[in-house]
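Work through the exercises below with the coordinates open. Each task is followed by a solution in steps.

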Amino acid sequence: MKRFSEILFWTDFLRRSQHMNRNYFTEEQIKQLKSNAYTKYVSPKTLKFTDEFKELFLEKYLQGFSPKEIFIEAGYDPLVVGERRMANTAFLVMKKDSEVKKSTEDSEVKHLKSEVKALRKELETLKKIIALGSSPKSKDF
């Protein structure tokens with residue numbers, strides 16, 4: 001009975017540890033991933049995509065396509081890439097896009113604030129010129 005409980009313990013332990021560990025790519029999978037034009041870099045633990053893929057992904061994702069559909073269309077095998085990587089790619093691409101938009105908006109706001117400040121100074125200068133032109137002293141000349 002003790003032997004059986006040990007086997008159950010180790011079976012359960014191995015099953016849980018497999019879910020907790022990363023999904024490493026095999027050499028064959030690495031070759032397959034490297035052959036895709038959208039792959040920027042691949043190692044047993046890491047898969048990085050080109051900017052072109054990220055743009056394609058964002059465009060398709062905003063049109064309502066699922067990450068899995070986008071990966072298939074781009075020539076990736078979803079079983080090789082894995083559900084977690086596909087979901088993380090969606091999260092990271094959307095996060096990057098919102099950061100770029102925020103950065104663009106922030107720089108535009110700064111530019112507009114400085115333009116408003118310059119226009120206010122110009123307006124004050126024009127008000128002073130008009131005030132000097134309508135004062136009684138200027139009519140004496």
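The exercises cover the fold, the aromatic pairs, the salt bridges and a charged patch.

The model is predicted: local features need pLDDT of at least 70, side-chain atom pairs count only at pLDDT 80 or more, and totals for chains, interfaces and linings use all residues. Residues are numbered from 1 along each chain as its sequence is written, and side-chain values use heavy atoms, with hydrogens and water left out.

**Exercise 1. Determine how many helices and strands the protein chain has, and what share of its residues is buried.**

Step 1. Assign elements as DSSP runs numbered from the N terminus (helices: H or I, at least four residues; strands: E, at least two). The protein chain then has seven helices and two strands.

Step 2. Read the order from the N terminus: α-α-β-β-α-α-α-α-α.

Step 3. Apply the burial classes: buried is under 20% relative accessible area, exposed over 50%, partly exposed in between (1.4 Å probe, protein chains only). Of the 141 residues in the protein chain, 22% are buried.

**Exercise 2. Classify the ring pair of Phe57 and Tyr61, then the pair of Phe57 and Phe71.**

Step 1. Searching the whole structure gives ten aromatic pairs.

Step 2. Phe57 and Tyr61 have ring centres 5.7 Å apart and planes at 15°, so this pair is stacked. Both residues belong to helix α3 (residues 51-62), four residues apart, about one turn of the helix. Phe57 is buried at 0% relative accessibility, while Tyr61 is partly exposed at 32%.

Step 3. For Phe57 and Phe71 the centre-to-centre distance is 5.9 Å and the angle between the planes is 70°, an edge-to-face pair. Phe57 sits in helix α3 and Phe71 in helix α4 (residues 67-73), so the pair ties together parts 14 residues apart in sequence. Phe57 and Phe71 are both buried.

Step 4. Follow the ring pairs onward: they link Tyr38, Phe49, Phe53, Phe57, Tyr61, Phe71 and Tyr76 into a cluster.

**Exercise 3. Find the salt bridges and state where the partners lie.**

Step 1. Search for a side-chain nitrogen of Lys or Arg within 4 Å of a carboxyl oxygen of Asp or Glu. The structure holds two such salt bridges.

Step 2. One joins Glu73 and Lys60, with the closest N and O atoms 3.4 Å apart. Glu73 is in helix α4 and Lys60 in helix α3, so the pair ties together parts 13 residues apart in sequence. Glu73 is partly exposed, at a relative accessible area of 47%, whereas Lys60 is buried at 16%.

Step 3. Another joins Glu124 and Lys127, where the closest N and O atoms are 3.7 Å apart. Both lie in helix α6, three residues apart, about one turn of the helix. Glu124 is partly exposed at 41% relative accessibility, and Lys127 is partly exposed at 46%.

**Exercise 4. Identify the residues that gather in a patch of positive charge on the surface.**

Step 1. Take residues with over 30% relative accessible area and no salt bridge, and join like charges within 9 Å. Lys and Arg count as positive, placed at NZ of Lys or CZ of Arg.

Step 2. The patch comprises Lys40, Lys48, Lys54 and Lys96.

Step 3. Check one member: Lys48 lies in strand β2 (residues 47-49) and is partly exposed, with a relative accessible area of 46%.

Key
Patch = residues over 30% accessible without salt bridge, like charges linked within 9 Å, V, L, I, M, F, W, Y side chains within 5 Å. Areas by Shrake-Rupley, 256 points an atom, 1.4 Å probe, with all protein chains shown as cover. Phe/Tyr/Trp six-rings, centres within 6.5 Å; stacked < 30°, edge-to-face > 60°.
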